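Have the viewer open as you read.

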Amino acid sequence: MHQAEDRVALLRQALRSRDAWQVSAALDYVAERLDPGQRAALVPELDELSTSPLWASAAREVLEGI
């Protein structure tokens, strides 16, 4: 269980990063590999990204998959 919690914590940190590469990689990972329960834990970060012109489309796509 700790691995899943650690993974979510690292993804949360990456989604809040100012580094575009980290945000992009985290969004891809969340969309393609993370199970829906773990995705749900990242809704606040995804909501925040969905207000950004740069990340809005990708974040909304992930949110729709939850």
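A word on angles before we start: axes are lines fitted to C-alpha atoms, for helices over the stretch in contact, and angles run from 0 to 180 degrees between N-to-C directions. Keep in mind that this is a predicted model.

**α1 against α2**
- The axes of α1 and α2 come within 8 Å and cross at roughly 135 degrees.
- That angle makes α1 oblique to α2, and their crossing is left-handed.
- On the α1 side, R7, L11, A14 and L15 make the contact, while α2 brings in Q22, V23, A26, L27, Y29 and V30.
- Sorted by class, this contact has eight nonpolar residues, one polar and one charged.

**α2 against α5**
- Helix α2 (residues 20–32) and helix α5 (residues 56–64) have axes that come within 9 Å and cross at roughly 20 degrees.
- Angles under 35 degrees count as roughly parallel, so α2 and α5 are roughly parallel to each other.
- This crossing of α2 and α5 is left-handed.
- L27, V30 and A31 of α2 meet A58, A59 and V62 of α5 here.
- The residues in this contact of α2 with α5 are six nonpolar, with no polar and no charged ones.

**The nonpolar core**
- The largest nonpolar core has 15 residues, and those with the most contacts inside it are L11, L15, L27, V30, L42, L46 and L49.
- Two or more residues of this core come from each of α1 (2–15), α2, α4 (43–49) and α5.
- Setting aside neighbours within four places in sequence, L49 is in contact with L15, V23, L27, W55, A56 and A59.

Technical notes: Residues numbered from 1 in each chain as written. Predicted model: local features only at pLDDT ≥ 70, side-chain atom pairs only at ≥ 80, totals over all residues. Heavy atoms only, no water. Helix = DSSP H or I, 4+ residues; strand = E, 2+ residues; numbered from the N terminus. Parallel < 35°, antiparallel > 145°, perpendicular 65-115°, else oblique. Left-handed = near helix turned anticlockwise from the far one by under 90°. Contact = heavy atoms within 4.5 Å. Nonpolar A, V, L, I, M, F, W, Y, C, P; charged D, E, K, R; others polar. Core = buried A, V, L, I, M, F, W, Y, C linked by side-chain atoms within 4.5 Å. Buried < 20%, exposed > 50% of the residue type's maximum accessible area, 1.4 Å probe, protein only.
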